[in-house]
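Thanks for coming. I will take a few minutes on one model, so please have the sequence and the coordinates open.

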Amino acid sequence: MSSSPAAPARPRRRKGEGQWALGYREPLNANEQSKKDDNPLNVRARIENIYAHRGFESIDGGDLRGRFRWWGLYTQRKAGIDGGKTATLEPEELDDSYFMMRVRIDGGQLSLEQLRAIADVSVDFGRGSADVTDRQNIQFHWIDVRDVPTIWQRLESVGLSTQEACGDCPRVIMGSPVAGVSADELIDGRPAIDAIESRYIGDQAFSNLPRKFKTAISGHPGHDVVPQINDVAFVGAVHPEHGPGFDVWVGGGLSTNPHLALRLGAWVPLDEVPEVWEGVVSIFRDYGYRRLRSRARLKFLVQDWGIEKFREVLETKYLGRPLVDLDAPPVPDTPVDHVGVHRQVDGRFYVGAATTVGRISGPLLQRLADVVEAHGSARVALTPMQKIVVLDVEEDRVESLVAALAELGLHARPSQWRQHTMACTGIEYCKLAIVNTKDRAAALIDELEQRVPELDTPITVNVNGCPNSCARIQTADIGLKGQLVLNEDGQQVEGFQVHLGGALGLDAGFGRKLRAHKVTGDELPDYVEKLSRTYLANREDGESFAAWVARADEEVLR
């Protein structure tokens with residue numbers, strides 16, 4: 001009895017990635033459903049007309065943990081919940097009834113009027129809280145939803161906003177803190193930042209992206225807006241025929257799957273930056289992956305397509321014209337942070353000062369505004385390195401200003417440790433965090449200034465409370481990712497996984513993880529002291545910490 005041959009297996013239909021341009025427009029996860037149900041920008045009306053009157057308990061869950069983000073609002077972590085419960089509790093169990101509020105400061109520069117408005121909001125509504133983030137934002141905590149409309153009124157009266165400070169949308173546009181004044185600047189990018197902000201921020205055509213979208217625009221040659229880790233970056237560059245303009249980079253980002261941005265190989269003049277920006281963000285909207293949140297950043301699309309296809313789609317489908325080719329411009333050894341005293345192009349000076357890992361306060365900002373005004377300046381700037389820069393200072397007032405800033409805890413001539421250590425929000429307020437970061441990093445700085453005062457070269461120390469890398473742990477000399485570890489007694493305590501030798505700039509790359517190597521929080525000062533002393537004793541002439549790590553034996557690094 002013969003048997004007929006088995007029918008060939010039907011090919012399994014490949015799942016779509018949720019790319020709108022390919023016809024996959026149905027909601028594919030809860031976030032996509034939420035955005036389809038109601039454009040998140042519409043939640044402002046409900047905050048103003050309902051929630052601000054009825055209070056926290058009246059807030060719809062979809063608004064609370066979703067759409068509120070489009071107006072810069074996240075619920076903060078309920079006090080007293082340890083890091084071991086971060087991944088096990090339900091969102092409503094982690095939520096406090098207060099909010100973190102993020103103020104977007106496109107370009108990073110603030111007038112004195114804006115600085116005072118931020119300071120007063122902090123004092124009046126945020127229990128004095130204020131942090132400088134590494135995205136040039138200011139974050140408040142302890143915000144009551146009942147106060148949100150009043151806070152918006154105050155901020156918007158001086159030209160500030162929280163619109164799209166968070167959410168799946170174009171977030172704050174980072175710009176050179178010293179745009180328009182730096183003697184080194186190739187081109188002032190502020191007109192492009194202003195044009196993008198006025199044309200596109202709040203436009204519902206771009207308020208439903210697959211995930212967040214980060215932009216950096218700077219005409220400074222020092223990579224002072226860390227362009228290599230943004231979704232799109234416009235980097236000052238001089239074309240041999242057309243003059244100053246911008247080199248375009250796309251697809252950068254960190255978190256749990258880090259990627260460095262790639263150059264398009266194209267030069268863009270200042271007045272065309274908004275149009276090219278619109279094209280890049282439109283590609284992300286139309287072709288970005290929406291099925292899985294873990295693959296919904298632009299970096300994954302750029303990686304899958306390749307840079308040649310990305311440029312081709314941008315030129316043919318979105319711009320309708322070719323871009324001008326550009327050879328790779330020079331890249332600085334490391335990004336510039338503008339700390340110290342620097343002469344401006346107009347003969348005056350700007351003074352950059354280090355905060356302590358971004359932690360400041362409303363009262364401090366009030367005093368800072370008074371100090372700035374007393375020294376003849378009318379504006380300051382925030383940097384992507386959690387620093388503050390005072391602009392437009394006359395030469396005869398510089399030293400007095402430096403001294404006055406130091407009295408506020410803002411150091412224009414800081415130690416290497418204070419200048420090059422940064423930290424994310426951490427478990428104090430963040431629902432994703434596992435460990436305390438701000439206090440731990442501040443204490444580490446104090447210890448290392450006493451233990452290794454002879455450090456004469458930058459060693460960046462970035463402290464993060466979870467794997468998401470808000471503090472850029474993979475690109476630090478010493479990146480510390482918070483997690484729970486076992487101490488010598490077998491007890492679970494706060495600690496860190498160590499990443500060593502990461503960098504941005506000329507030799508950009510991600511730090512190496514030491515296999516099975518964890519450091520408890522209490523051991524951290526001893527570990528960093530030993531590591532830095534070993535580097536100082538064994539480095540070659542001019543050798544950076546990252547270069548030394550690359551050639552060092554792993555046992556030496558433990």
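I will go through the salt bridges, then a surface patch, then a pocket.

One caution at the start: this is a predicted model.

Salt bridges, then. The structure holds 50 of them, and I will pick out a few. Take Asp168 and Lys35, whose side chains meet in a salt bridge at 2.8 Å, N to O. Asp168 sits in the loop between helix 6 (148-156) and strand 6 (170-175), and Lys35 sits in helix 1, so this pair ties together parts that are 133 residues apart in sequence. Are these two residues buried or exposed? Asp168 is buried, at a relative accessible area of 2%. Lys35 is buried as well, at 6%.

Next, Arg116 and Glu373, with a salt bridge of 2.7 Å, N to O, between their side chains. Arg116 belongs to helix 5, residues 112-125, and Glu373 to helix 11, residues 362-374, so the pair links parts that are 257 residues apart in sequence. Arg116 counts as partly exposed, with a relative accessibility of 26%, and Glu373 counts as partly exposed too, with 48%.

There is also a network: Glu447, Arg451, Glu454, Asp526, Glu529 and Arg533 are joined into one by salt bridges that share partners.

One further pair is Arg46 and Asp38, where the side chains form a salt bridge of 2.9 Å, N to O. The cut-off for buried is under 20% relative accessible area. Asp38, at 19%, therefore counts as buried, whereas Arg46, at 22%, counts as partly exposed.

Now the surface. Which residues form the nonpolar patch? They are Leu22, Tyr24 and Leu28, and together they have about 260 Å² of accessible area. Leu22 is in the segment before helix 1 (30-37). Its relative accessibility is 52%, so Leu22 counts as exposed.

Last, the second largest pocket. Its volume is about 760 Å³. The lining is made up of 34 residues, and those nearest the centre are Thr334, Pro335, Thr460, Asp477 and Leu504. Which elements give two or more residues to that lining? Strand 17 (421-423) and helix 16 (545-551) do. Helix 16 supplies the largest share, three residues.

How values were computed:
Residues numbered from 1 in each chain as written. Predicted model: local features only at pLDDT ≥ 70, side-chain atom pairs only at ≥ 80, totals over all residues. Heavy atoms only, no water. 1 Å grid on protein atoms, 1.4 Å probe; cavity = no way out; pocket = protein on both sides within 12 Å on 5 of 7 lines; lining within 4 Å. Points joined across faces, edges and corners; volume = space filled by probe spheres on them. Helix = DSSP H or I, 4+ residues; strand = E, 2+ residues; numbered from the N terminus. Patch = residues over 30% accessible without salt bridge, like charges linked within 9 Å, V, L, I, M, F, W, Y side chains within 5 Å. Areas by Shrake-Rupley, 256 points an atom, 1.4 Å probe, with all protein chains shown as cover. Salt bridge = Lys/Arg side-chain N within 4 Å of Asp/Glu carboxyl O. Buried < 20%, exposed > 50% of the residue type's maximum accessible area, 1.4 Å probe, protein only.
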